[in-house]
Amino acid sequence: MHVDNEPDTIELVKFILTRAGFDFVPAYSGKECLDKLKIEDVDLVLLDIMMPDMSGWDVFQRIKNMKKRPKVAFLSVIDVSEERKKVLLKSGISDYITKPFDNEDLIKRVKEMVSSK
Amino acid sequence: MKFAIKLSALLSAIIIVFGLIISLFVYQSNLSILKEIEIHHLQDVAYNTLNKIDRNFFERYSDIKGLADDSVISSRNSTAKEIAERLVDFRNTYKTYVSLSFFDTNRIRIADTSGIGIGKQNELELYFKEALQGKISAASDVKMSSTLNQPIIYFASPVKDEKGEIFGVVVTRVPITKLYEITKEAAGIHEEMGELMVDLVDKDGLLFYSNHNKKGILKDNLTEWDSFQRSRAGEKIGSDVHADPGEEEMIYVFIREQGYLDFKGNDWTLIIHVPTRVAFAPAVELRNVTIIILLLLIAPALLISFLFSKTITNPITKLRDATTKIGKGEYGHRIKIKTGDEIETLSDAFNTLSLNLKKSQEELQNYSINLEKKVKLRTKELDRKIKESEESRIATLNILEDVNETREKLEKAYAELKTLDVMKGDFMNIAAHELKTPLIPIIGYVDLLTKEYLGKLNEEQKKILGTIMKNSIRLQKLIQDVLDITKLESRVMKFEMKNIQIKDVIKDSVKNMKLFAIEKNLDLSYDVENDLPLIRGDKNRLSQVFGDLIDNAIKFTDAGSINITAKRNANRILVSVKDTGIGIDKNFMPKIFQKFQQADTTAKRKYSGTGLGLAICKEIIEHHDGKIWVESKPGNGSKFIFSLPVK
């Protein structure tokens with residue numbers, strides 16, 4: 001699942017990941033993401049942080065409390081320090097990818113996250 | 001032992017004290033009794049003495065009465081010579097008279113045994129007067145005889161004729177010595193000791209006999225004496241005890257003359273007195289003897305009472321010793337006391353107690369042995385349990401530690417997340433987001449197209465896409481640089497300052513830029529001094545600096561090499577990025593670190609760049625408390641140097 005309020009970005013990611021062989025579920029808001037998560041069986045959620053209604057953080061907090069919770073990675077333009085990254089990783093985030101991203105890099109990291117436990 | 005002494009001393013003291021009290025009491029009573037006895041004795045003596053005196057005088061009285069009745073004397077016809085002879089006969093017969101005389105009624109001495117004074121007139125003495133009145137009289141006055149030099153008493157009797165008429169007086173003179181003899185005899189032993197004092201006084205108080213005051217005879221007057229006064233007052237016999245001032249106490253006994261039969265007496269008073277001390281002599285002697293006896297008794301008394309008290313203290317000592325033994329732990333000790341009193345009862349009780357103690361002790365020992373065994377067992381169990389609990393406690397502590405650690409980290413992470421959340425509203429982030437977002441699909445799709453994911457491309461298409469990509473990346477870089485410089489200048493950018501080794505940063509940067517250098521056939525190397533001290537810096541930002549400097553170097557060098565050096569200079573580290581490029585124009589040098597300044601502003605735009613790189617580097621270096629400058633000559637390459645303070 002990719003959660004972002006920018007449709008163009010979603011399209012790009014969808015194109016890349018589906019070509020790479022992943023099943024792709026879009027969500028254009030935090031609320032949509034959570035609703036879809038109730039019905040869809042998702043392995044990984046790529047979360048944008050800066051969204052108007054609910055920030056990526058809030059969504060992450062909600063996902064954390066779920067049973068059968070999927071892996072979560074942030075996909076954001078916001079640049080964070082290494083220290084912050086470490087904290088985030090410790091708090092349950094599987095990865096932090098900055099936008100704009102390198103296409104190959106994205107595929108590589110998604111593969112890593114999905115395949116690992 | 002001490003108790004025996006105390007007890008014996010006490011008993012002895014009691015005995016002695018009692019003895020003393022009793023003897024004192026006895027002594028005191030003795031005194032009064034003795035006094036009484038003495039008084040009675042003296043009174044007896046006085047009475048006897050006076051009685052003897054009176055009896056003697058009675059004889060004289062009888063004598064002179066007889067003489068007056070004598071035929072010769074009582075005849076008027078007798079001659080003086082015959083009378084004188086008769087008087088002499090009388091005197092020789094009776095031998096008590098000093099002299100006898102016959103007077104006529106005119107008081108003329110007719111006859112006298114001594115033959116002197118014939119014809120002389122007698123003084124009208126009382127005795128003569130009374131005789132003329134028909135009374136046989138004893139001179140109540142004792143007179144001193146000039147011839148004999150001793151007191152004498154006159155006895156006078158009237159001489160009557162046949163008709164009973166008084167025609168003469170016969171007078172006898174009696175010496176007082178007879179009196180002395182009588183008194184002496186009566187006084188007895190005391191007289192010999194000189195302590196019984198006898199005084200005879202006449203009715204006027206004149207002392208006419210004394211066995212102790214010889215000089216006062218017929219001179220001293222004893223009217224002052226209590227005894228005399230009381231006698232004259234009418235007391236026939238009495239006693240008086242007093243001490244004259246300055247004198248010792250005396251017992252006085254007085255008796256008034258009673259007379260004898262027809263002899264009425266001369267109304268004399270006999271006073272006998274003796275010092276009280278003499279009377280008390282027996283009592284005093286008894287007292288002294290008693291005291292000596294008592295003193296002698298002290299030693300035996302002490303001994304006896306000591307032995308007696310021993311009988312009491314011996315059992316007590318036995319008890320004490322036995323108790324001490326028990327105190328030391330020798331239970332079961334018994335004592336043998338057969339005194340038949342309460343002490344024996346006590347010792348029996350003690351023996352019972354001792355036995356019980358022994359029993360209890362044995363029971364206690366048994367019990368304590370059992371207890372010890374039980375305790376050992378329990379202790380083993382307890383030790384085991386303690387060990388178990390200790391292990392679980394440690395385990396629990398470890399878990400707690402972990403939990404705490406995790407909690408802390410979570411708290412920290414949440415705090416971090418919260419701030420990140422806040423960041424959402426931060427302008428910089430919003431700006432970054434808005435600026436960067438359009439580039440995402442642009443770069444993304446161009447990349448896909450370029451990589452022929454959407455179909456094969458011809459050369460022209462590839463070229464065009466290349467241009468688009470190049471410019472998109474340029475734009476991306478520009479946006480990033482603008483964001484960076486803005487953050488740097490507004491001090492929003494956060495530096496993660498750590499102790500880092502500059503060599504590591506240089507190494508990584510060179511590795512990253514190696515390909516670009518190889519692309520242009522340039523040599524990229526570094527020279528770092530050994531054992532450089534650590535500096536405090538943000539690795540990422542410093543990498544950015546190196547990246548930018550190397551990037552510039554590559555851009556402005558067509559051939560040759562780029563070399564990075566780092567060496568120590570006092571308390572700073574100097575880093576230089578040297579290239580063999582085109583160099584920098586003199587006019588441009590001062591502006592080189594300013595924003596949006598590019599070396600080449602020609603239309604050729606051969607050198608792309610944002611113009612912000614060096615400005616950003618300057619900000620970063622200065623943020624590290626360092627300095628950055630450049631040395632360059634056109635055509636001779638450039639050397640960018642910055643210094644960083646050693647940690």
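**Close-up 1. Aromatic pairs, with A:F74 and A:Y96 as the example.** In this predicted model, the number of aromatic pairs over all chains comes to 7. One of them joins A:F74 and A:Y96, whose ring centres lie 6.1 Å apart. Their planes stand at 65 degrees, and angles over 60 count as edge-to-face, so this pair is edge-to-face. The two residues are 22 positions apart and link distant parts of the chain, with A:F74 in strand β4 of chain A and A:Y96 in strand β5 of chain A.

**Close-up 2. The open sheet of chain A.** Five strands with parallel pairing make up this sheet, in the order β2-β1-β3-β4-β5. The edges are taken by β2 (26-27) and β5 (93-98) of chain A; each has a single partner strand, so one side of each has no neighbour in the sheet. Strand β4 (residues 71-76) of chain A pairs with β5(A) in the parallel sense over 5 bridges. Within this pairing, A:A73 is opposite A:D95 of β5(A).

**Close-up 3. Helices α3 and α4 of chain A on the sheet.** Helix α3 (residues 56-64) of chain A lies across β3 (44-47), β4 and β5 of chain A, and runs at about 180 degrees to β4(A). Helix α4 (residues 82-90) of chain A also packs on the sheet, where it touches β4 and β5 of chain A. The direction of α4 makes about 145 degrees with that of β5(A).

**Close-up 4. Helices α10 and α11 of chain B.** The axes of α10 (residues 439-450) and α11 (residues 459-489) of chain B come within 10 Å and cross at roughly 150 degrees. Angles over 145 degrees count as roughly antiparallel, which means that α10(B) is roughly antiparallel to α11(B). The crossing of α10(B) past α11(B) is left-handed. On α10(B) the contact is made by B:L439, B:I442, B:I443, B:V446, B:D447, B:L449 and B:T450. On α11(B) the contact residues are B:L465, B:I468, B:M469, B:S472, B:L475, B:Q476 and B:I479. By class, the contact has 10 nonpolar, 3 polar and 1 charged residues.

**Close-up 5. Helices α13 and α14 of chain B.** Here α13 (residues 539-555) and α14 (residues 613-623) of chain B have axes that come within 9 Å and cross at roughly 145 degrees. This crossing of α13(B) and α14(B) is left-handed. From α13(B), the contact uses B:R541, B:L542, B:Q544, B:V545, B:D548, B:L549 and B:N552. From α14(B) come B:G613, B:L614, B:I616, B:C617, B:I620 and B:I621. The contact residues divide into 8 nonpolar, 3 polar and 2 charged.

Terms used:
Residues numbered from 1 in each chain as written. Chains lettered and ligands numbered in written order. Predicted model: local features only at pLDDT ≥ 70, side-chain atom pairs only at ≥ 80, totals over all residues. Heavy atoms only, no water. Axes fitted to C-alpha atoms, helices over the stretch in contact; angles between N-to-C directions. Helix = DSSP H or I, 4+ residues; strand = E, 2+ residues; numbered from the N terminus. Parallel < 35°, antiparallel > 145°, perpendicular 65-115°, else oblique. Left-handed = near helix turned anticlockwise from the far one by under 90°. Contact = heavy atoms within 4.5 Å. Nonpolar A, V, L, I, M, F, W, Y, C, P; charged D, E, K, R; others polar. Pairing = 2+ DSSP bridges. Phe/Tyr/Trp six-rings, centres within 6.5 Å; stacked < 30°, edge-to-face > 60°.
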